[in-house]
Amino acid sequence: MDFTDTPRIALTIGPLLYYWPRETLIQFYADLAESPADTIVLGEVVCSRRHEMKTADWIALGRDLAAAGKEVVLATQALVESEADLRVLRRMAEQGEFIVEAGDASALNVLIDAGVPFVLGPHINVYSRPALDEYASLGALRWVAPVELSLAAIGQINAGSTPLPTEVFAHGRMPLAFSARCFTARHHRLSKDQCDFRCRDDDDGLLLSTSDGQPFLVLNGIQTQSAAQQCLIGERQALLAAGVTRVRLSPSSKHFMKIVDAFDGVMNRGENADAALIALDALSLPGGLANGFAHGQPGLDWSRA
């Protein structure tokens, strides 16, 4: 296929969903600065008790990445629970240097009131064209489709003309739900307020398996994720047909730079998707691969494009 007459599918690196040591995190983003990623989303989106990086640290890191040529987006928490969380949210809205990704409706209220352009994060409920048009009128710059939306449904929302640039969660463990209760702390028989930061022991979350030993879900503090890794590397044509202009790759501790390069190769350099899938399979990514939601099936299903 001649890729010269097709638009580039931009690569967005989603926010880090896990609690990594500061040194590990800094090195991870230093590596991303040299990667083909177009956009990098920064910020703590899961739990405000994770304190390796403060808001000022994320902004400073954003400046370094912007100097390396990356578009930087600051993400807000997906579940705002306290006045302290709201203060962080207001600081994000006031910083004025970077676009902000709204994690929930409370973030939307703050950003709209402040007149700040924003990205609709994947946890904002957008399931229809009128909803997307409304958010566009309020200042949204682009939207990240909810992970459970099929590509066909996204195409219907974008039918006729694409009201906003569209991004799809294309690789990584899917964020499914949030709770005020910390399931990682509960697993270790600890309270949420005295959790000993046990989620720091799990670089990619705490795996849950079914009674017959099949990987099912992952606990990540107050967040529940899929055990399987969403993988849409074989869906380039379907993504374009749905009006998708960006794919989101969610950070993980294993082989992530290889994953970024593989997606860039298939999406933008004409490399073979089947060969890329074979290479990804060879990495033995925890939980295996899934693309069921993209096809309107149970999320943990897997089928070749």
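This is a predicted model: local features need pLDDT of at least 70, side-chain atom pairs count only at pLDDT 80 or more; totals for chains, interfaces and linings use all residues.
## A tour of the cavities, cores and rings

By class, seven nonpolar, two polar and four charged residues make up the lining of the second largest cavity.

Stop 1: Select Cys47, Cys182, Cys195, Cys199 and Gly221. Of the 13 residues that line the second largest cavity, these five lie nearest its centre. The space inside is about 100 Å³.

**Stop 2: the largest cavity.** How many cavities of 30 Å³ or more does the structure hold? There are seven. The largest cavity has about 160 Å³ of space. To find it, select Pro15, Leu17, Val45, Pro122 and His123, which are the closest to its centre among the 20 lining residues. Next, colour strand E4 (99-102) and strand E7 (166-178), the elements that each give two or more residues to this lining. E7 gives the most, with three residues. Sorted by class, the lining of the largest cavity has ten nonpolar, eight polar and two charged residues.

**Stop 3: the largest nonpolar core.** Select Tyr29, Leu42, Leu120, Trp143, Ile154, Ile233 and Phe263. These residues have the most contacts inside the largest nonpolar core, which has 71 residues. Which helix gives the most to this core? Helix H9, residues 256-268, does, with seven residues. A second, separate core has 14 residues, and Val73, Ala75, Ala185 and Ile222 are among them.

**Stop 4: Tyr29 and its surroundings.** Go back to Tyr29 and show its side chain. Leaving out residues up to four places away in sequence, Tyr29 touches Leu16, Ile40, Val41, Leu42, Trp58, Leu61 and Leu65. Is Tyr29 buried or exposed? Its relative accessibility is 1%, and buried means under 20%, so Tyr29 counts as buried. Trp58, at 5% relative accessibility, also counts as buried.

**Stop 5: the aromatic rings.** Five aromatic pairs are found in a search of the whole structure. Tyr29 lies in helix H1 (residues 22-33) and Trp58 in helix H2 (residues 55-67), so the pair ties together parts that are 29 residues apart in sequence.

Note on methods: Residues are numbered from 1 along each chain as its sequence is written. Side-chain values use heavy atoms; hydrogens and water are left out. A nonpolar core is a set of buried Ala, Val, Leu, Ile, Met, Phe, Trp, Tyr and Cys residues joined through side-chain atoms within 4.5 Å. Buried means under 20% relative accessible area, exposed over 50%, partly exposed in between (1.4 Å probe, protein chains only). Helices (H or I, at least four residues) and strands (E, at least two) are DSSP runs, numbered from the N terminus. Contact means heavy atoms within 4.5 Å. On a 1 Å grid over the protein atoms alone, a cavity is a set of points where a 1.4 Å probe fits but cannot get out, and a pocket is an open set with protein on both sides within 12 Å along at least five of seven lines; lining residues have an atom within 4 Å of a point. Grid points are joined across faces, edges and corners, and a volume is the space filled by probe spheres set on the points. Ala, Val, Leu, Ile, Met, Phe, Trp, Tyr, Cys and Pro count as nonpolar, Asp, Glu, Lys and Arg as charged, and the others, Gly among them, as polar. Rings of Phe, Tyr and Trp (its six-membered ring) pair if their centres lie within 6.5 Å; planes under 30 degrees apart count as stacked, over 60 as edge-to-face and the rest as tilted.
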